[in-house]
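Please look at the sequence and structure below before reading on.

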Amino acid sequence: AVAASSLDLSSASAAIGAMRWEAVKPGQSEPHYVAAVVAAVDRALAHVGLLPLAEGALPRVRRALEGKVDEALVEGYASAKRCSQEGRLQMVVDVESLRGSLAAQLDLPRARVLAKAESFVKASIAPPDTLLDWARAHPEIHTRHVMALVGSIPAAQLKKKAREELQQAIADLRGVPWPPPATPGHAVAGVAAAAAAVVDNAAASFAAGDRDGDAPRHTRHGSGERRTLSSLGKWAQSEATRLKSAQLPSNIAAGVRRAAQGQAGG
């Protein structure tokens, strides 16, 4: 709890994920996030120093701070969407630099610092055919992060079919479903995507005129034409039926149908 309240590295994880790792040249300059992490740990230690900790609690707090940095780095590296081999090598350099800094800051043996991050970045530059054994040997690395690593391997190194087979093998190893089942958050995102598709389809269908053989009725407005509300209502109902056939949560599907019925009634 002390570590959680003293050290927030969410911005560092986001900065790592947003970096243009495909354009990085190893050794040219140290990325800004490295210094930011070191500074954040210094501030956390200063905050901890002001707290009335129980005797013997400080080593545990330091270890917890190290764990938070470790997790934040893996989260950031796993969220990097595009990364060249040179970018991966820079990640290795950055982790080694941070290991030295944190070992001194937290008074911990270097060998025990950032073990997850070190394992992750070294796995990222290893041949793809070694990743299944790596995933087996390192259950402490979250499956989501392992899958993200596999997904980020360039197609030149891992073809689509081989990638899918590797992901399925890792899922079987970890005992998790793959592809992962949709969550409520994913369902809402799916509805948003469906809504965008509806707008695109509407534009196309209005431009093309007839939809499913139902001759549209038009009214003049200036120099252009537009479909009447009656015809638009029929189109909205057909879209509601189409969305209903998708596997949406019942409450979301009902809302879509009510909106369509209201449009038809108008």
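The axes of α3 and α4 come within 11 Å and cross at roughly 155°. Axes here are lines fitted to C-alpha atoms, for helices over the stretch in contact, and angles run from 0 to 180 degrees between N-to-C directions. Helices α3 and α4 are therefore roughly antiparallel to each other, given that angles under 35 degrees count as roughly parallel, over 145 as roughly antiparallel, 65 to 115 as roughly perpendicular and the rest as oblique. The crossing of α3 and α4 is right-handed; a crossing is called right-handed if the near helix is turned clockwise from the far one by less than a right angle, and left-handed if anticlockwise. On the α3 side, Tyr-33, Val-37, Val-41, Ala-44, Leu-45 and Val-48 meet Leu-58, Val-61, Arg-62, Leu-65, Val-69, Leu-73 and Tyr-77 of α4, contact meaning heavy atoms within 4.5 Å. These residues divide into twelve nonpolar, no polar and one charged. In this count Ala, Val, Leu, Ile, Met, Phe, Trp, Tyr, Cys and Pro are nonpolar, Asp, Glu, Lys and Arg are charged, and the others, Gly among them, are polar.

The model is predicted: local features need pLDDT of at least 70, side-chain atom pairs count only at pLDDT 80 or more, and totals for chains, interfaces and linings use all residues. Residues are numbered from 1 along each chain as its sequence is written, and side-chain values use heavy atoms, with hydrogens and water left out.

Helix α3 (residues 32-49) also packs against α5, their axes coming within 10 Å and crossing at roughly 15°. Helices α3 and α5 are therefore roughly parallel to each other, and their crossing is right-handed. Residues making the contact include Tyr-33, Val-34 and Asp-42 of α3 and Asp-94, Leu-98 and Gln-105 of α5. The residues of the contact of α3 with α5 divide into eight nonpolar, three polar and two charged.

The protein has twelve helices and two strands. Helices (H or I, at least four residues) and strands (E, at least two) are DSSP runs, numbered from the N terminus. From that end, the elements run α-α-α-α-α-α-α-α-α-α-β-β-α-α. Of the 266 residues, 36% count as buried; buried means under 20% relative accessible area, exposed over 50%, and partly exposed in between (1.4 Å probe, protein chains only). Among contacts between residues at least 6 apart in sequence, 66% join residues at least 24 apart.

A search of the whole structure finds ten salt bridges, each being a side-chain nitrogen of Lys or Arg within 4 Å of a carboxyl oxygen of Asp or Glu. The table lists three of them.

| Glu-22 | Arg-20 | 3.8 Å |

Glu-71 lies in helix α4 (residues 58-78) and Lys-116 in helix α6 (residues 115-124), so the pair ties together parts that are 45 residues apart in sequence. Glu-71 is partly exposed at 36%, and Lys-116 is partly exposed at 21%.

Arg-99 is buried at 7% relative accessibility, and Glu-118 is buried at 18%. Salt bridges that share partners join Glu-96, Arg-99, Arg-110, Glu-118 and Lys-122 into one network.

Arg-99 is also one of the residues touched by Val-113, which is found in the loop between α5 and α6. Val-113 is buried, with a relative accessible area of 0%. The C-alpha atoms of Val-113 and Gly-67 are separated by 8.3 Å, though the residues are 46 apart along the chain.

Some backbone details remain. Most residues other than glycine have a negative phi, and most peptide bonds are trans. Asp-107 has a positive phi of about 55° although it is not a glycine, and so does Leu-114, also at about 55°. Asp-107 lies in the loop between α5 and α6, as Leu-114 does. Asp-107 is exposed at 58% relative accessibility, whereas Leu-114 is buried at 0%. The peptide bond from Trp-178 to Pro-179 is cis, with omega near -5°. Pro-179 lies in the loop between α9 (160-174) and α10 (184-208).

Technical notes:
Lists of a residue's contacts leave out its neighbours within four places in sequence.
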